[in-house]
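Visitor: Hi! I've got a protein structure to look at and I'm new to this. Could you walk me through it?

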Amino acid sequence: MNAFEANFDGLVGLTHHYAGLSFGNEASTRNQYQHSNPRLAAKQGLLKMKALADMGFVQGVIPPHERPNLSALRQLGFSGSDEQVLAQAAQRAPNLLSAASSASAMWVANAATVSPSADSADGRVHFTVANLNNKFHRAQEAPQTAALLRAIFRSDRHFQVHDALPQVAMFGDEGAANHNRFGAGYGEPGVQLFVYGREELNSGLIPARYPARQTREASEAVARLNQLAPERTVFAQQNPAVIDQGVFHNDVIAVSNQQVLFCHQLAFLHQADLLAELRERVPGFTVIEVPEDRVSVSDAVKTYLFNSQLLSRPDGSMMLVLPEESRQHAGVWRYLCEMVESGGPIRELKIFDLRESMCNGGGPACLRLRVVLTEAERQAVNPAVLMNDPLFATLNQWVDRHYRDRLSQADLADPQLLREGREALDELTKLLDLGNVYAFQR
């Protein structure tokens, strides 16, 4: 069956700020307490969406979450009016206010794990929302993410959105950032690679410095929920040594598309065995394995070389979408240019300035959720979220009306910021035909 890959990017929220909340994500920690520019962040993301849509790729938008999350702060014991809750949190626990205000839902690669209809037993596209339970600021996201996905993929005939796994350590799930799919054509049954950092029930190698956020138990549960047969799945452990160098998700060290895997030489534990299995399971499997002596893991993390989008062009060749940081690093850029000139599957490099997202540890791949769709399934997607010229203009105007161009951690206690956010999101739900998907609307 004919199908294609659509990308749905997260729209950066109004409270985008640098608080260093993500231990294990070195960019997040390095830029803690710097001033952010939410308006610029949102516009940088919109420019990437529009550019890819203009190239003929199907591109959608996933809205931000309501922040600050007043209900989470009330659950933690802050009480009174909204203004009083903000004031109490700012005075007594500013780190909790920052976590409750995080715009991290912008990185929708962590929103869910998606399995296309060609792979699932019931012939529907399945989404299992990630619980993200390793970090408090992200563990709040799952209910809102589920509501937004159901407002976008609203046809029960074509889509099934599953709630997140239980919020316990055994089932730590980080979504599509630890998931790849291989196959000759998007509409043909494929093989899905689930990457985990540790096993809860079995001893084995684990990172010593940073947490392994994804468990094998979670990956196996997601595969069951998404109705995948065993022959459609491969489970592999991420190399604990690279997690300890800041590779907090697999999409910081590897990216795939169709039959191609672009990865670092040290990405996986027992990498040779994994590649041999993929060669056996995936007809035409091709690996581009970047040697450590050409690009170190440290440089890969600094430049987000692998946190890129690998996209199929109409002629069958592939384009790699990269952040500006990859071009600014002489060694990484030299390797990329040589790779393109070698005549392999990747024939084009496309650079975007995503500095606002990058400073918080999220590159091009973090900002997008890949969804393979048939034409009938695309027709069933909420059309108001699909990028085109009018939507691009409308969303830029919306950002200009509502977003601040400078934000510090201290600003999160400003009740006006909460009001600005609610007003903006209320308007956005109408622009994107989402219905009442935010708690303050009910």
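This is a predicted model: local features need pLDDT of at least 70, side-chain atom pairs count only at pLDDT 80 or more; totals for chains, interfaces and linings use all residues.

Visitor: Which residue in E11 is the bridge partner of Leu261?

Guide: That would be Val287.

Visitor: What order do the strands of that sheet come in?

Guide: The order is E9-E10-E11, three strands in an open sheet with mixed pairing. Strand E9 (254-257) and strand E11 (286-290) are at the edges. Each of these two has a single partner strand, so one of its sides has no neighbour in the sheet. On average, neighbouring strands here are turned by 10° against each other, if you ignore direction.

Visitor: Which helix packs on the sheet?

Guide: Helix H13, residues 330-341, packs on it and touches E10 and E11. The direction of H13 makes about 155° with that of E11.

Visitor: Okay, another strand. Are the faces of strand E3 covered or open?

Guide: Both faces of E3 (residues 112-115) are covered. Ala112 and Val114 lie on one side, Thr113 and Ser115 on the other, and all are buried.

Visitor: And which strand does E3 pair with?

Guide: E3 pairs with strand E4, residues 125-129, in the antiparallel sense over four bridges. To find one spot in that pairing, look at Thr113, whose bridge partner in E4 is Thr128.

Visitor: Let's switch to helices. At what angle do the axes of H2 and H16 cross?

Guide: Roughly 175°. Helix H2 covers residues 38-54 and helix H16 residues 389-402, and their axes come within 10 Å.

Visitor: Are those two roughly parallel or antiparallel?

Guide: H2 and H16 are roughly antiparallel to each other, because angles over 145 degrees count that way.

Visitor: Which residues meet there?

Guide: From H2 there are Arg39, Ala42, Lys43, Leu46, Leu47, Lys50 and Asp54. They meet Asp389, Phe392, Leu395, Asn396, Val399 and Asp400 in H16. Sorted by class, this contact has six nonpolar, one polar and six charged residues.

Visitor: Let's zoom in on Lys43. What does it touch?

Guide: Leaving out residues up to four places away in sequence, Lys43 touches Asn396, Val399 and Asp400. Lys43 itself sits in helix H2, and it counts as partly exposed because its relative accessibility is 22%.

Visitor: How far is Lys43 from Leu11?

Guide: In sequence they are 32 residues apart, while in space the distance is 9.0 Å, C-alpha to C-alpha.

Visitor: What about Lys50, which residue does it form a salt bridge with?

Guide: With Asp389, and the closest N and O atoms are 2.8 Å apart. This pair links distant parts of the chain, since Lys50 is in helix H2 and Asp389 in helix H16, 339 residues apart. Lys50 is buried, at 12% relative accessible area, whereas Asp389 counts as exposed at 51%.

Visitor: How many salt bridges does the count come to?

Guide: The count comes to 26 salt bridges. Another one is between Arg154 and Asp433, with the closest N and O atoms 3.5 Å apart. Arg154 is in the loop between H7 and strand E5 (159-162), and Asp433 is in the segment after helix H17 (415-431), 279 residues away. Both residues are partly exposed: Arg154 has 40% relative accessibility, and Asp433 has 41%.

Visitor: Where do Arg327 and Glu324 lie?

Guide: Both are in helix H12 (residues 324-328), three residues apart, which is about one turn of the helix. Arg327 and Glu324 form a salt bridge, with 2.7 Å between the closest N and O atoms. Arg327 is partly exposed at 39% relative accessibility, and Glu324 is buried at 18%.

Visitor: Last one, about H7. How many of its residues are buried?

Guide: Eight of the 11 residues in helix H7 (142-152) are buried, so that helix is mostly covered. Among them are Ala142, Gln144, Leu148 and Ile152.

Definitions and conventions: Residues are numbered from 1 along each chain as its sequence is written. Side-chain values use heavy atoms; hydrogens and water are left out. Axes are lines fitted to C-alpha atoms, for helices over the stretch in contact, and angles run from 0 to 180 degrees between N-to-C directions. Angles under 35 degrees count as roughly parallel, over 145 as roughly antiparallel, 65 to 115 as roughly perpendicular and the rest as oblique. Contact means heavy atoms within 4.5 Å. Ala, Val, Leu, Ile, Met, Phe, Trp, Tyr, Cys and Pro count as nonpolar, Asp, Glu, Lys and Arg as charged, and the others, Gly among them, as polar. Buried means under 20% relative accessible area, exposed over 50%, partly exposed in between (1.4 Å probe, protein chains only). Two strands pair if DSSP finds at least two bridges between them. A salt bridge is a side-chain nitrogen of Lys or Arg within 4 Å of a carboxyl oxygen of Asp or Glu.
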